[in-house]
Amino acid sequence: MCESCGCGQPEAGKNMSVHEHEHEHIHNHDKKVDLGFDLLEENRKLAAKNRELFRKKKIVTVNILGSPGAGKTSLLSKTLDELKDNFRIGIITGDLTGDEDMKRLARKKVVVHQIQTGRVCHLDAHMIAHALEHFSLDELDILFIENVGNLVCPAAFDLGETKRVVVLSIAEGADKPSKYPEIFSGADAVLLSKIDFAPYTDFDFSRAETDIHRIRFTVELMRVSSRTGDGIKSWCDWLARLTK
Amino acid sequence: MEEKLEMHEWSLASDFIARIEEEAKQRGASKITNIKMKIGSLSGVSVEAFKFAFSVGIKESIISEDALKIEEISAVSKCSDCDKEFSDTMGLDACPYCGSYSKKLVSGNEMFAVSFEMEEKDV
Ligand SMILES: Nc1nc2c(ncn2[C@@H]2O[C@H](COP(=O)(O)OP(=O)(O)OP(=O)(O)O)[C@@H](O)[C@H]2O)c(=O)[nH]1
Ligand SMILES: [Mg+2]
Ligand SMILES: [Zn+2]
């Protein structure tokens, strides 16, 4: 039973507005029913609730998106080293199966809660509302959400996060922003990751960065390597500023 | 993407089918036809994937095979510099009036259920 979000059930609620009217013509038995709701609205409402809760509890929530293997967990692991002495940090990881990422991050001695999505390709606001039951929200400054590795689906689901961050590793190619614009169009920051690979790739930074700016003018662009630590400081400074 | 992975279009389709069926059955429907939807080009929903998921989901339902009618809506952005609106299908375009990339999405992220038609059971 779902109490935290008031939806009353495990699936999305059913409060759509419906009204009907008779068709005046053709066939007596034909009836038209107006629906008038957005299928993504239910998620947006729950996301708004989460967002309000984060605001009240003064928690900066960062939704991290990117392809499988883009370097999300490695980045988080580095970030924890940098921030965990000064901030109380929680992590939600979304994975299809397995608990690899959770174990990697739990070694850093922060509260990590894993959501196993089974065959579902994204996290949604409802899953997050329930995951929050596992945290003491009064004792958190920053909550990271590592979304399911996927450059497409998570874009459609607002979780109520304070900021949305896309991690794109330079091994994936500079054409990815223009091929997958949806995920970038909602991003507050984009991190080009694994820049230590630069000498071994033909990654065109200016093309990628220009395209990202075209999709999202106000985006914060950063270059990082979790291997060498390059750029991690500016990324963490950016995060720290959000908590002010 | 692995093939066995369930795309979000599957859960959207099965929720939607359940909602329509419930509405229709409450009204004594024997058959559902002409389901109208509008899907925006930046909704994050693939129309093809949704259609496919829908066609699988309605097997053994009272929804007729060719019921789903989707109108695809091209995204519209509004320029933050000159205030004009323009078509911005993939969210990649500059303002055609002044060249600015500073813009806000006005529409195109919707997945809107408009209406359906039903035939009533003969009484
Ligand atoms: N050279 C180099 N390798 C990296 C860097 N960041 C991550 N990797 C490697 O890339 C691989 C994938 O990294 P993860 O951090 O697991 O990526 P992820 O995005 O969390 O992957 P999923 O959770 O499976 O989607 C691992 O083998 C990492 O060691 C980096 O900055 N430089
Ligand atoms: Mg990971
Ligand atoms: Zn303009």
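Donors here are N, O and S atoms within 2.8 Å of the metal (3.2 Å for Na, K and Ca), and since water is not among the atoms, sites may look incomplete. This is a predicted model, in which local features need pLDDT of at least 70 and side-chain atom pairs count only at pLDDT 80 or more, while totals for chains, interfaces and linings use all residues. Residues are numbered from 1 along each chain as its sequence is written, chains are lettered from A and ligands numbered from 1 in the order in which they are written, and side-chain values use heavy atoms, with hydrogens and water left out.

**View 1. The zinc ion (ligand 3) and its cysteines in chain B.** The SG atoms of C79(B), C82(B), C95(B) and C98(B) coordinate the zinc ion at 2.3 to 2.4 Å. Along the chain, these donors follow the spacing C-x2-C-x12-C-x2-C. The arrangement is tetrahedral because the 4 donor atoms subtend angles of 104 to 119° (four donors count as tetrahedral if all angles lie between 85 and 135 degrees). For comparison, the ideal angle for four tetrahedral donors is 109.5 degrees.

View 2. Strands are DSSP runs of E with at least two residues, and helices are runs of H or I with at least four, numbered from the N terminus. C82(B) is partly exposed at 26% relative accessible area, whereas C95(B) is buried at 3%. Buried means under 20%, exposed over 50% and partly exposed in between (1.4 Å probe, protein chains only).

**View 3. The magnesium ion (ligand 2) in chain A.** Its protein donors are T73(A) (OG1), D101(A) (OD) and E146(A) (OE), at 2.0 to 2.1 Å, with the spacing T-x27-D-x44-E along the chain. D101(A) belongs to helix α3 (residues 100-106) and E146(A) to strand β6 (residues 142-146), a pair 45 residues apart that links distant parts of the chain. D101(A) is buried at 12% relative accessibility, and E146(A) is buried at 4%.

**View 4. Confidence in the model.** The predictor gives the complex an ipTM of 0.85 and a pTM of 0.83. Chain B has a mean pLDDT (the predictor's confidence in each residue, from 0 to 100) of 90, and 93% of its residues reach 70 or more.

Technical notes. Four donors count as tetrahedral if all angles lie between 85 and 135 degrees; four count as square planar and six as octahedral if opposite donors are over 155 degrees apart and all others between 65 and 115; anything else is irregular.
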